[in-house]
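Okay, thanks for coming, everyone.

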Amino acid sequence: MVSNAADWKTRAELSPAARAEVAEQFFRRLGSVGSPLVSEASLSELLSRQVQLLLNDLGRGDATGNGRRSQPSEESLRGAAEFSRRRASLEIHPTETVRAAGLFYELTLPVLIRETLGEGATPDAVLDLALDLHDAVMTQIALGCVGYITFLREKIHSSHRDERRRIARDLHDRVSHEILVALLSTELCDGALTRDPELARTRLKSTEQALREALQVISELSGELRDSMTNTDLERSLKQFLESSIPQDVRVDFAATGDIGGLPAPVAEELYYMLREAIRNALRHSAPRHIRITLRVSGLLVRALVSDDGRGFDVRTASRARHDGLTSIRERSELLGGKARVYSAVGRGTTVGVSIPLVNW
């Protein structure tokens with residue numbers, strides 16, 4: 001039997017023709033299955049470069065001898081990190097990289113064996129080559145996961161920042177306004193107390209009403225900050241929100257089916273925020289007469305819909321403007337591995353749909 005060292009020392013770097021063969025088959029297969037990794041030009045270009053760097057790393061194994069595995073070059077590591085960041089910025093899940101890595105391994109191993117070991121290669125040499133390729137591919141996957149974790153952290157930070165901004169906006173627009181009205185009314189009362197007691201009483205009533213409304217807003221915001229799905233169930237929390245937030249002239253239908261109470265706490269909490277945001281958007285922008293909310297847990301999937309019969313809007317225009325509410329809903333759903341869809345047209349109402357897989361919870 002020929003030794004491992006001899007087999008490794010006789011390995012040669014892949015020829016340009018073999019490299020072209022691997023790359024052509026790899027990208028053709030990715031395209032045939034509709035992989036998002038090749039649907040965007042800059043990402044596809046980075047992936048093409050990374051394929052060549054991977055093949056370079058495998059060729060570097062020739063000089064190691066004694067069956068030792070080749071190590072990724074600094075350029076390859078930097079390229080993997082750059083590809084990962086770009087993929088994450090396009091909101092492409094790392095599972096797509098795992099699928100592509102499996103395909104790359106499947107296509108590359110036979111070419112490597114044929115081109116670098118040739119006929120008569122020992123089983124040990126083939127195993128070493130397979131393990132070397134496996135290590136190189138797994139390095140790419142690991143770096144891809146690190147990049148996505150960074151992306152998720154940034155999304156969480158962005159989501160929390162948007163929530164703080166919304167609360168600050170509500171405090172400024174609603175609470176500050178009512179307190180200012182109360183303050184002005186109180187100042188006007190000062191001169192009217194002796195000159196026109198009836199007018200003073202009217203203004204004091206206005207002051208009282210403004211302060212009551214400010215107190216109500218503060219109470220609502222405090223409740224939102226205090227509420228947590230870890231302490232109460234999703235269905236109950238939504239009903240409480242509807243009771244306190246829906247105007248009397250808006251009809252609401254709410255239906256929940258399946259094991260809503262059995263949802264994992266992180267899923268329930270994020271769903272609550274997404275549905276609450278969708279309902280708020282409907283009330284704030286659509287002027288609806290009727291809002292329908294459905295929540296269903298079926299098997300390993302939870303689905304939620306918020307539909308209204310309001311004025312609607314152009315979805316493409318809103319997407320380009322990066323509407324804060326819609327962006328928040330999409331980002332929260334993606335953090336859970338799910339999807340959010342918005343359907344609307346001017347004069348035809350709006351439907352926001354969210355689906356979250358439960359397989360990983």
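Let's start at S298, which sits in strand β2, residues 290-298. Strands here are DSSP runs of E with at least two residues, helices are runs of H or I with at least four, and both are numbered from the N terminus. S298 is partly exposed, with a relative accessible area of 40%. For that scale, buried means under 20% relative accessible area, exposed means over 50%, and partly exposed is in between, using a 1.4 Å probe and protein chains only. Now find G258: S298 and G258 are 40 residues apart in sequence, yet their C-alphas are 6.2 Å apart in space.

A word on what you're looking at: this is a predicted model, where local features need pLDDT of at least 70 and side-chain atom pairs count only at pLDDT 80 or more, while totals for chains, interfaces and linings use all residues. Residues are numbered from 1 along each chain as its sequence is written, and side-chain values use heavy atoms, with hydrogens and water left out.

A287 has a positive phi, near 50°, and it's a residue other than glycine. With a relative accessible area of 48%, A287 is partly exposed.

Zooming out for a second. The chain has eleven helices and five strands. Of its 361 residues, 42% count as buried.

On to helix α4, residues 74-89. The helix has 16 residues and reaches 23 Å from first C-alpha to last, close to the 22 Å expected at 1.5 Å a residue; that expected span is 1.5 Å times one less than the number of residues. Which residues of α4 are buried? They're S76, G79, A80, F83, S84, R87 and A88. These cover an arc of only 165° around the axis, so they're on the same side of α4, the arc being that of the directions from the helix axis to the C-beta atoms. The face turned away from that buried side carries the exposed residues E74, R78 and R85. The general idea is that an α-helix has 3.6 residues a turn, so residues three or four places apart point the same way. And just after α4, E91 takes a positive phi of about 60°.

Next is α5, residues 95-117, and T108 is in there. Buried or exposed, what does T108 count as? Buried, at 0% relative accessibility. Leaving out residues up to four places away in sequence, T108 touches V22, L55 and L133.

R99 counts as exposed, at 54% relative accessibility.

How many salt bridges does a search of the whole structure find? Twelve. One of them joins D253 and R251, with the closest N and O atoms 3.1 Å apart. D253 is partly exposed at 34% relative accessible area, and R251 is partly exposed at 49%. There's also a network of salt bridges linking E21, R114 and E115.

Then look at R332 and E270, whose closest N and O atoms are 2.6 Å apart in their salt bridge. R332 lies in helix α11, residues 324-335, and E270 in helix α9, residues 265-286, so the pair ties together parts 62 residues apart in sequence. And both R332 and E270 are buried.

L180, L183 and L184 make a nonpolar surface patch of about 280 Å². Patches are built from residues with over 30% relative accessible area and no salt bridge, joining like charges within 9 Å and nonpolar side chains (Val, Leu, Ile, Met, Phe, Trp, Tyr) within 5 Å. L184 lies in helix α6, residues 123-195, and is partly exposed, with a relative accessible area of 44%.

Notes. Contact = heavy atoms within 4.5 Å. Areas by Shrake-Rupley, 256 points an atom, 1.4 Å probe, with all protein chains shown as cover. Salt bridge = Lys/Arg side-chain N within 4 Å of Asp/Glu carboxyl O.
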